[in-house]
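Subject: Handover of the structure, with notes on its ligand site and cavities

Dear colleague,

Please find below the structure that I am handing over to you, followed by notes on what was found in it.

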Amino acid sequence: MCGIVGYSGCRTAYPLLMQGLHRLEYRGYDSAGVALMADAEEKIKVYKATGKVADLEAVAENQDCRGTVGIAHTRWATHGAPNTPNAHPHLSESGNLTLVHNGIIENYATLREQLRAKGYHFRSETDTEVLIQLIEYTEVSRGVSLQDAVRMALSKVIGAYAIIVMDRRAPGVLVAARKSSPMVIGLGENDSEFFIASDASPIAEYTRRMVYLNDEEMAVCVPGQPLSVVTLQNAEVAVDVQHVDLDLNMLEKGGYDHFMLKEIFDQPQCLEDCMRGRVLLNHKRVILSAVTEHRQALVNARRFLFVSCGTSWHAGLIGGQLIEHFCRVPAQVMYASEFRYSNPVVGPGDVVVAISQSGETADTLAAMQIARDAGATLLGVVNAVGSSIARLSDAGAYIHVGPEIGVASTKAFTGQVTVLTMMALAIAREKGSVSDCEYEQTIEELVRIPDKIQTILNQHDEIRRVAEHYKLASNVLYLGRGANYPVAMEGALKLKEISYIHAEGYPAAEMKHGPIALIDENMPVVFIATHQHIYEKTISNMQEVVARKGRILAIVTEGDTQVRQMAEHVIEVPETIDCLVPLLSVVPLQILAYYIAVGKGLDVDQPRNLAKSVTVE
Ligand code: F6R
């Protein structure tokens with residue numbers, strides 16, 4: 001989704017801003033722009049392009065890109081088509097002010113009509129242009145400073161925003177503010193320069209000292225002066241500087257053709273990182289600080305309610321199964337977007353588990369806020385450190401798999417499932433709802449998972465060959481039972497996201513209640529038929545497809561012979577215990593989707609229409 005970078009200091013801003021936009025490309029966008037300022041006597045220079053950041057660089061080439069202050073943006077269209085006039089930054093009527101904005105101004109149409117009546121003109125269809133005009137109108141009509149105009153204008157706005165405003169008349173000054181959309185400010189040595197961005201990745205190479213703005217806070221950055229942060233009511237806020245460690249190597253492709261492939265291959269290491277210090281094999285214990293610190297609420301929970309979206313919702317389905325299996329407490333799993341508008345029955349005694357890679361998903365945040373207001377305990381399972389969901393949680397466990405750049409989530413999913421497994425085990429231990437034998441056996445098996453994933457990764461050439469047979473398919477059905485049912489949905493989601501092939505994940509036994517009508521000799525069916533207690537039942541469902549001449553690609557446990565006789569292609573995964581099967585069975589499906597998309601010549605890391613961080617509802 002949209003990305004923001006801003007800089008003010010002593011360096012030339014343009015190359016730094018472009019490098020920052022490249023770092024933000026993973027979020028998904030359809031146009032880009034930059035505004036630069038050399039000095040107060042000159043106009044602000046704005047360059048924009050539809051398409052990629054490279055297209056913007058082509059537009060700016062041979063143009064005047066001087067200046068040590070600037071703001072830049074990648075836009076993912078919400079209001080108005082992805083074209084150059086709608087790209088950010090937007091200028092105010094006089095050209096004195098310019099703005100970049102992430103989020104949505106919901107009352108923009110009303111505000112635009114009011115401003116039109118005052119003589120303001122609009123060159124784009126965006127809500128963002130309304131905001132910069134509103135700021136200018138407030139400044140002029142009320143005779144207030146820029147900072148006050150920004151505060152006053154934002155208090156009239158309904159919606160979500162992260163913004164940076166730049167003023168031609170005040171070289172070097174950048175004003176940033178946020179509500180429901182992240183914004184971080186990096187501090188240079190002795191406040192000599194400021195780096196502003198919508199996440200830490202574009203600025204981490206310049207500074208590790210970061211200030212995360214909270215909702216309805218505004219920062220004024222003036223090189224040479226300490227950072228000033230106030231609320232929208234103009235109350236001073238103590239500046240909380242955090243040291244953010246971000247491994248820049250993790251942001252590079254490391255020799256792989258795509259981030260997605262790297263992230264698939266990173267999974268053994270990522271899961272080891274995720275378990276480090278938490279799974280103590282010598283002591284046969286799982287220790288999660290969230291569980292230790294919130295023991296009472298978790299042990300006595302009357303229900304666990306998982307809220308999340310997309311891939312994280314699939315992880316939630318597995319989390320629900322794990323909690324019911326180990327803790328014997330009811331678990332409910334809801335799409336965050338449905339939960340928030342469902343007039344939910346939730347309150348004290350409920351534990352609401354919010355799962356999110358980015359930690360910024362608007363629907364998940366809104367669901368959490370409802371649960372918080374109702375008195376539930378909030379647990380966050382998040383990847384992005386310091387993100388909004390992490391900060392709204394009462395307790396949580398980071399998945400620690402490193403930044404995920406590929407738009408299609410892979411290592412975050414297995415990280416989420418690993419954390420949810422540890423969480424269910426740790427709570428069950430405290431409750432006494434799991435036997436010592438099962439608890440210890442699960443821990444022993446969990447630490448073997450990274451090596452077992454490596455065994456699957458070693459077969460990637462074979463999976464690539466299998467993928468060749470499916471790249472021309474226009475529909476694919478994914479079927480699984482038990483823990484493999486969410487995996488079927490995740491496999492289907494991966495395929496449709498990056499290969500644009502229509503795919504559905506279904507519980508295998510449900511097929512006969514409808515989807516079986518689709519089966520014929522042209523319909524590929526991916527069966528996840530690993531050894532589990534419902535293996536034989538899955539085999540029966542497979543027979544139903546064979547009888548209708550469907551083409552079967554099966555994910556099976558090593559050494560399986562039964563399925564081999566029925567399937568056109570078979571991919572093996574190592575044996576494991578039932579509850580850990582998803583951590584293995586999902587991996588070949590990730591690789592399969594990847595190679596099918598590559599085989600079709602598609603942009604795997606940035607599929608069309610998708611955004612990495614969905615900060616609008
Ligand atoms: C799919 C994918 C999305 C996200 C969803 C939630 O590959 O990445 O479905 O899982 O948008 O995002 P997070 O986990 O950031 O809340």
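A polar side-chain atom of lysine 494 is placed 3.0 Å from an oxygen atom of the ligand, and threonine 361 likewise brings a polar side-chain atom to 2.4 Å from a ligand oxygen, while in the case of threonine 311 a polar backbone atom is 3.1 Å from an oxygen of the ligand. Of the 410 Å² of accessible area that the ligand has on its own, the protein covers 89%, where accessible areas come from the Shrake-Rupley method with a 1.4 Å probe.

Please note that this is a predicted model, in which local features need pLDDT of at least 70 and side-chain atom pairs count only at pLDDT 80 or more, whereas totals for chains, interfaces and linings use all residues. Residues are numbered from 1 along each chain as its sequence is written, and side-chain values use heavy atoms, with hydrogens and water left out.

The shell around the ligand holds 15 residues, the closest being Ser312, Ser356, Gln357, Ser358 and Thr361; a residue is counted as near if one of its heavy atoms lies within 4 Å. By class, this shell has five nonpolar, eight polar and two charged residues (Asp, Glu, Lys and Arg count as charged, Ala, Val, Leu, Ile, Met, Phe, Trp, Tyr, Cys and Pro as nonpolar, and the others, Gly among them, as polar).

The ligand sits in the second largest pocket, in the sense that more than half of its atoms lie within 2 Å of the pocket's grid points. A pocket here is an open set of points on a 1 Å grid over the protein atoms alone, with protein on both sides within 12 Å along at least five of seven lines, whereas a cavity is a set where a 1.4 Å probe fits but cannot get out; lining residues have an atom within 4 Å of a point. Helix H10 (310-327) and helix H18 (484-499) are the elements that give two or more residues to the shell around the ligand, helices being DSSP runs of H or I with at least four residues and strands runs of E with at least two, numbered from the N terminus.

About 690 Å³ of space lies in this second largest pocket, a volume being the space filled by probe spheres set on the grid points, which are joined across faces, edges and corners. Its lining comprises 32 residues, with Cys309, Gly310, Thr311, Leu493 and Glu497 nearest the centre, and divides into 13 nonpolar, 13 polar and six charged residues.

Among the residues that line the largest cavity are Cys2, Trp76, His88 and Asp127.

Finally, the backbone: the peptide bond from histidine 88 to proline 89 is cis, with omega near 0°, and asparagine 62, although not a glycine, has a positive phi of about 65°.

Best regards

Definitions and conventions. Polar contact = N/O pair within 3.5 Å; in protein donor to acceptor, adjacent residues only side chain to side chain.
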